[in-house]
Each structure stands twice: as structure tokens, then as C-alpha cells.
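Subject: Structure handover

Hello,

Here is the structure for you to look at. My notes on it follow below.

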Amino acid sequence: MIYFFISDYHFSEYGGPDGELGASLRYLSQRFTMPLPELKATLTDIGTEELNHLEMIGAIVYQLTKGLTEDEIKKQGFEDYFVDHTTGVYPQSAGGSPFTAASMQVKGDPITDLHENMAAEQKARSTYDNILRFCDDYDVKDAIRFLREREVVHYQRFGENLRLMTDKLDEKNFYAFNPSFDKKCFKNCMKKK
């Protein structure tokens with residue numbers, strides 16, 4: 001049985017630096033400073049979907065760890081986690097670091113935040129790829145493949161949003177200002193298009 005090993009990696013997707021908890025909080029926080037309703041809607045949709053993914057990962061971890069014996073816990077090196085959390089689902093990385101908001105970024109600049117989101121989706125996809133390399137449970141693999149594919153879709157949606165945002169700005173200046181703060185410049189750029 002290797003389900004402890006698998007569940008350690010699943011914990012990472014639950015509360016690790018590239019996990020679903022951080023993604024949902026990042027997107028639902030970034031939406032407030034997006035200047036276009038389409039961008040706010042995308043961040044709301046994807047942030048809410050990430051909460052659903054968090055629930056899926058939590059359910060997988062719970063199912064893989066419920067009813068473990070002392071011997072199984074010791075054999076898999078799960079004692080440290082067990083002492084603090086028993087088999088409760090706790091947000092942490094595979095290495096045991098608890099979730100921290102310091103692992104996510106909310107800048108308030110739409111261009112910066114959209115680039116951050118694309119990078120975050122790629123990192124989450126890579127983590128799911130790594131989980132699939134070690135997982136031998138076909139039921140778990142199916143769920144992880146589904147979640148991995150959603151990361152690809154999210155990456156594409158954020159790319160579309162980045163294109164929409166930059167198309168609305170003066171191409172010569174879209175790196176030069178933060179439209180969240182420079183409303184006059186943003187409005188002038190919007191009129192030119």
C-alpha cells in the first residue's frame with residue numbers, strides 16, 4: 001500500500017504553495033481590482049471552481065487515510081502528521097509546511113495578477129503531473145487527471161483575459177501604469193480603441 005505517500009502529495013494540492021486553497025483565495029481576492037467586468041467574472045468563476053477542487057482533494061485524502069492502523073501509519077512515516085492531526089485533512093504542503101497566505105500573490109495590478117495566475121495554473125498542473133507519476137490507484141488517477149485538465153483550461157482562460165486586458169490598453173504603455181490607480185490614463189486608453 002502506498003496511499004500515505006499519495007495522500008502526502010494530495011495534501012500539497014490541498015494546502016501547499018500551488019494548491020487549490022491558495023488558488024481559490026488568490027482569484028477571489030484579485031477580482032476586486034480588475035477593471036473590466038469580464039475579468040471579474042472569470043476570476044469569480046475560477047475562484048469558485050477552485051473551492052470545488054479543494055473539496056475533491058479533501059475527499060480523496062480522507063478516503064485514502066480513514067481507518068488506518070498504527071502499523072500502517074508507522075510504516076509510511078505518517079507519525080508526525082498523525083500526532084498533530086490524526087487523519088484530519090489539514091492544509092499543508094507535501095513537506096509538512098502549513099498553508100500560508102505568503103505563498104499566494106495579489107498585487108492589484110491586472111496585468112501582473114493575470115501573469116501570476118497563468119504561472120500558478122502551470123505550477124498546479126506540474127504538481128498534478130508529479131502526483132500522477134507516483135499514484136497507482138486508478139480511481140484516484142481519474143480524479144487527478146480531471147483536476148489537471150482544469151488547470152490547463154484555467155491557464156487558457158487567464159491567457160484570454162490577459163489578451164482582452166492588453167487589447168484595451170495603449171500597446172505602448174500597458175506595462176507602464178497600473179490602471180487600478182491611474183484611472184484617467186486607463187479611461188483615455190479605453191477611448192482610443
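**Helix packing**

Helix 3 and helix 7 pack at an angle of about 165°, with their axes 11 Å apart. Axes here are lines fitted to C-alpha atoms, for helices over the stretch in contact, and angles run from 0 to 180 degrees between N-to-C directions. That makes helix 3 roughly antiparallel to helix 7. Angles under 35 degrees count as roughly parallel, over 145 as roughly antiparallel, 65 to 115 as roughly perpendicular, and the rest as oblique. The crossing of helix 3 with helix 7 is left-handed. Left-handed means that the near helix is turned anticlockwise from the far one by less than a right angle; right-handed means clockwise. Sorted by class, the contact of helix 3 with helix 7 has 15 nonpolar, 4 polar and 7 charged residues. For these classes, Ala, Val, Leu, Ile, Met, Phe, Trp, Tyr, Cys and Pro count as nonpolar, Asp, Glu, Lys and Arg as charged, and the others, Gly among them, as polar. Contact means heavy atoms within 4.5 Å.

Before going on, please note how the values were made. This is a predicted model: local features need pLDDT of at least 70, side-chain atom pairs count only at pLDDT 80 or more, and totals for chains, interfaces and linings use all residues. Residues are numbered from 1 along each chain as its sequence is written, and side-chain values use heavy atoms, with hydrogens and water left out.

**The chain as a whole**

The chain has 8 helices and 0 strands. From the N terminus, its elements run α-α-α-α-α-α-α-α. Helices (H or I, at least four residues) and strands (E, at least two) are DSSP runs, numbered from the N terminus. Of the 193 residues, 44% are buried. Buried means under 20% relative accessible area, exposed over 50%, and partly exposed in between (1.4 Å probe, protein chains only). The chain exposes about 10,200 Å², and carbon and sulfur atoms supply 52% of that area. Areas come from the Shrake-Rupley method with a 1.4 Å probe; for residues, only the protein chains shown count as cover. Take the contacts with a separation of 6 or more: residues 24 or more positions apart account for 73% of them.

The buried ones are Glu20, Leu21, Gly22, Ala23, Ser24, Arg26, Tyr27 and Gln30.

How do helix 2 and helix 3 cross? Their axes come within 8 Å, at roughly 160°. Helix 2 and helix 3 are therefore roughly antiparallel. Their crossing is left-handed. Helix 2 brings Glu20, Leu21, Ala23, Ser24, Tyr27, Leu28 and Gln30 to the contact; residues from helix 3 include Leu43, Ile46, Glu50, His53 and Ile57. By class, the residues of this contact divide into 9 nonpolar, 6 polar and 2 charged.

Helix 6 spans residues 110-134 and helix 7 spans residues 138-168. Their axes come within 9 Å and cross at roughly 165°. This pair is therefore roughly antiparallel too. The contact of helix 6 with helix 7 has 15 nonpolar, 7 polar and 8 charged residues. Helix 6 and helix 7 make a left-handed crossing.

Tyr128 sits in helix 6. Is Tyr128 buried or exposed? Tyr128 is buried, with a relative accessible area of 0%. Neighbours within four places in sequence aside, Tyr128 is in contact with Glu13, Glu20, Ile57, Ile144, Leu147, Arg148 and Glu151. Tyr128 and Lys141 are 13 residues apart in sequence and 9.6 Å apart in space, C-alpha to C-alpha.

Thr86 lies in the loop between helix 5 (79-85) and helix 6. Thr86 is not a glycine, yet it has a positive phi of about 50°. Its relative accessibility is 43%, so Thr86 counts as partly exposed.

Thr65 belongs to helix 3 (residues 37-65). Thr65 is buried, at 0% relative accessible area. From C-alpha to C-alpha, Thr65 and Thr86 are 9.5 Å apart in space, and 21 residues apart in sequence.

Leu68 is in the loop between helix 3 and helix 4 (70-75). At 16% relative accessibility, Leu68 counts as buried. Leu68 and Thr87 are 19 residues apart in sequence, with 8.3 Å between their C-alpha atoms.

Best wishes
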